[in-house]
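Trainee: I am new to this model and would like to learn how to read it. Could you take me through it one feature at a time?

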Amino acid sequence: MSRSRGQTIFYSAAALISLVGLAEATYLTAIFLSGETAVCGGSADCFQVLGSSYAKIGPVPVSGLGALAYFGVFTFATFAGFGYARARQFFTWTVTAMFCMTLWLLFVQAFRLHAFCRYCLFSAALVFLLTGLVVARPVAETQKN
């Protein structure tokens, strides 16, 4: 359970990014569950995306799954920052799954709905940042795994 200063900074950055994503996903989930309309700055595209059949899986909003994923990333990054090797693996797997889902949702927005949601694009940017962190992980740590 050893850790370096670089690992601590790396996982702290990942935890902070995931908290921003968690806040956004929680907002969208609350909006979905309350039946309200999200404040999208008057963007019709945003309403089209968030109101589409792709915005939920059965009765569960995709934003709710995103909130769970961001919470998982926060949790795993926190434990990994304290040197837990298994948490590093879960962190990587969760971010990889989020990246794949983000690519699918971007495809849906571009080629199925022909509309883009500002919240969705912001979340995609956060996931790309997290993925970049995973790819740029400190070399000493990747050699230990």
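Trainee: Is Val 60 buried, partly exposed or exposed, and why?

Mentor: Buried means under 20% relative accessible area, exposed means over 50%, and partly exposed lies in between, with a 1.4 Å probe and protein chains only. Val 60 has 36% relative accessibility, so Val 60 counts as partly exposed. Val 60 sits in strand β2, residues 60–61. Helices (H or I, at least four residues) and strands (E, at least two) are DSSP runs, numbered from the N terminus.

Trainee: What should I keep in mind about the source of these values?

Mentor: This is a predicted model, in which local features need pLDDT of at least 70 and side-chain atom pairs count only at pLDDT 80 or more, while totals for chains, interfaces and linings use all residues. Residues are numbered from 1 along each chain as its sequence is written, and side-chain values use heavy atoms, leaving out hydrogens and water.

Trainee: Which residues form the nonpolar patch on the surface?

Mentor: Patches are made of residues with over 30% relative accessible area and no salt bridge; like charges are joined within 9 Å, and nonpolar side chains (Val, Leu, Ile, Met, Phe, Trp, Tyr) within 5 Å. A salt bridge is a side-chain nitrogen of Lys or Arg within 4 Å of a carboxyl oxygen of Asp or Glu. Here the patch is formed by Ile 57, Val 60, Leu 65, Leu 68, Met 101, Trp 104, Phe 107 and Phe 111, with about 750 Å² of accessible area together. Such areas come from the Shrake-Rupley method with a 1.4 Å probe, and for residues only the protein chains shown count as cover.

Trainee: Which helix gives the most to the nonpolar patch?

Mentor: α4 does, with four residues. Both α3 (62–81) and α4 (85–113) supply at least two residues each.

Trainee: How do I check the length of a helix?

Mentor: The expected span is 1.5 Å times one less than the number of residues. Helix α1 (residues 5–34) has 30 residues and should span 44 Å; its end C-alpha atoms are 43 Å apart, which agrees. Helix α5 (residues 118–135), with 18 residues, reaches 25 Å from first C-alpha to last, close to the expected 26 Å.

Trainee: What comes just after α1?

Mentor: Gly 35, which takes a positive phi of about 80°. Gly 35 lies in the loop between α1 and α2, and at 61% relative accessibility Gly 35 counts as exposed.

Trainee: Which side chain of opposite charge is nearest to Glu 24?

Mentor: Lys and Arg count as positive and Asp and Glu as negative, while His and the chain ends are not counted. The nearest one to Glu 24 is Arg 118, 11 Å away; Glu 24 is buried yet has no salt bridge. Glu 24 belongs to helix α1. Contact means heavy atoms within 4.5 Å. Leaving aside residues up to four places away in sequence, Glu 24 touches Tyr 119, Cys 120, Phe 122 and Ser 123.

Trainee: Where is Tyr 119 found?

Mentor: In helix α5. Tyr 119 counts as buried, because its relative accessibility is 19%. Beyond four places in sequence, its contacts include Glu 24, Tyr 27 and Leu 28. What covers the buried residues of α5 includes α1, α2 (44–50), α3 and α4.

Trainee: How many helices and strands does the chain have?

Mentor: Six helices and two strands, in the order α-α-β-β-α-α-α-α. Of its 145 residues, 41% count as buried.
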